[in-house]
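Subject: A structure for you to explore

Hi there,

Here is the structure I promised to pass on. Please open it and have a look around before you read my notes.

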Amino acid sequence: IKKIGILTSGGDCAGLNAILRAVVKRAEGGYGWEVYGIEKGTHGLYARPPLLRRLRPGMFNGALLRQAGTILGTTNKGDPFAYPMEDGSTSDRSDELIEGFQLAGLDALIGVGGDGSQAILLKLAEKGGIPLVCIPKTIDNDIGATEVAVGYDTAMQVATDALDKLQPTAASHDRVMVLEVMGRDAGHIALNAGIAGGADVILIPEISYDLENVATHIRGIYDRGRNFALVVVAEATPGPASHQVTRTMEDGQVRYGGVGHWVGQEIAQRTGAEVRVTVLGHIQRGGVPTPRDRLMASVFGVRAVDLLAQGKAGHMVAWVNRQVTELPIRDAIAAFANVDVAGPLVSTARGLGICFGDGKE
Ligand code: F6P
């Protein structure tokens, strides 16, 4: 190996630049390899010449470790095997990407992405004979094969911080504050930030709820003399079609949003309380990466380079039982993990008296 490429793919999150830093420091500093960033995810490989940027260790000595986003850019649209064309049809453009990789003169690729991006990269790598190692990142924390994915901790921090900021204003105005958070199909951000931020109610897609139970719980809080309540709603919590925005992108990925407003409206009607709703949105993808995200970015970046050096292509790096390890990408992406309703966090929340709206509180 003399030259490797790295790309970030899918939705951005905090800690991606920290991954680039670790990869560049290890690859150039440890093995003397040249590292090229591919811009705009796989889209940089459609361009002729391919969109490459030489990354050097000196670029990463200052601010980038601390900066969210990705200096390479990213994309979460367009499966190359069924690329959406302007006339509404789809076309297999995978050969263009493989040719772009060959034109770039790269010997191996590190792909940073969630399960969707990794599935696409694996297919490309297998078709084109490209040595590939993947690094998991997602604010949704839904890759079951690793206990930690880069970006999740910062998103949790942002959501907890939002509750810290909502609580005093809720108490000052005698209000119920509803906070809608991201997480795609999983309720991890809602559950974890909800516990950490002192929520009274947490609604997640993994637990079916009845708003009458939620209303009873909130009435009880007021009856006992507290003058505010905090409600966290995961974006994929089911709600009526009229209020939940569910968009399916060209590549089949689903976007959610808006259920928090409906929950807020219902709580107001059922309890008579004054309710305000905050939809946190993409703020959860920004912010200064937490120490945990920077640490995991560093661990994963170094390990990914070492795996390529050891000839272990086809693997995703993972954090399991306090160790960095690796497993085949194919197995990693098959292990989707949403909230374990029988797991320790749900029982902790129940132990704290947090209401899931399922009548078990
Ligand atoms: O997967 C990350 C994520 O931020 C989800 O939590 C959210 O549902 C989605 O991406 C938003 O996608 P977009 O940036 O395309 O609006």
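This is a predicted model: local features need pLDDT of at least 70, side-chain atom pairs count only at pLDDT 80 or more; totals for chains, interfaces and linings use all residues.

**Around the ligand**

The shell around the ligand divides into 3 nonpolar, 4 polar and 5 charged residues. Among the residues that surround the ligand are Asp140, Arg184, Glu235, Arg255 and Arg285, together with Gly11, Asn76 and Tyr256.

**An enclosed strand**

Next, find strand β7, residues 132-136. Why is this strand described as largely enclosed by the rest of the structure? The reason is that 5 of its 5 residues are buried, and a residue counts as buried when 20 or more other C-beta atoms lie within 10 Å of its own. Leu132, Cys134 and Pro136 point one way from β7, while Val133 and Ile135 point the other way.

Now look at the partners of β7. Strand β6 (residues 108-113) runs parallel to β7 and is joined to it by 5 bridges; Gly113 stands opposite Pro136 there. To get from β6 to β7, the chain passes through helix α3 (residues 115-128), making a right-handed β-α-β crossover. Strand β14 (residues 315-320) also pairs with β7 in the parallel sense, over 2 bridges, and His315 in β14 is the bridge partner of Val133.

**The nonpolar core**

The largest nonpolar core has 112 residues, and Ile19, Val23, Ile202 and Val231 have the most contacts inside it. Helix α4 (residues 152-173) gives the most to this core, with 9 residues.

Most residues other than glycine have a negative phi, and most peptide bonds are trans.

- The peptide bond from Arg48 to Pro49 is cis, with omega near -5 degrees. Pro49 lies in the loop between β2 (34-38) and β3 (52-55).
- Lys40 is not a glycine, yet has a positive phi of about 60 degrees. Lys40 is placed in the loop between β2 and β3, and counts as partly exposed because it has 18 C-beta neighbours inside 10 Å.
- Asn321 is not a glycine either, and has a positive phi of about 50 degrees. Asn321 sits in the loop between β14 and β15 (323-328). With 6 C-beta neighbours inside 10 Å, Asn321 counts as exposed.

Notes. Residues are numbered from 1 along each chain as its sequence is written. A residue is near a molecule or strand if its C-beta atom, placed from the backbone, lies within 6 Å of it. Ala, Val, Leu, Ile, Met, Phe, Trp, Tyr, Cys and Pro count as nonpolar, Asp, Glu, Lys and Arg as charged, and the others, Gly among them, as polar. A residue is buried if 20 or more other C-beta atoms lie within 10 Å of its own, exposed if 12 or fewer, and partly exposed in between; C-beta atoms are placed from the backbone. Helices (H or I, at least four residues) and strands (E, at least two) are DSSP runs, numbered from the N terminus. Two strands pair if DSSP finds at least two bridges between them. A crossover is right-handed if, with the strands pointing away from the viewer, the path from the first strand over the helix to the second runs clockwise. A nonpolar core is a set of buried Ala, Val, Leu, Ile, Met, Phe, Trp, Tyr and Cys residues joined through C-beta atoms within 7 Å.
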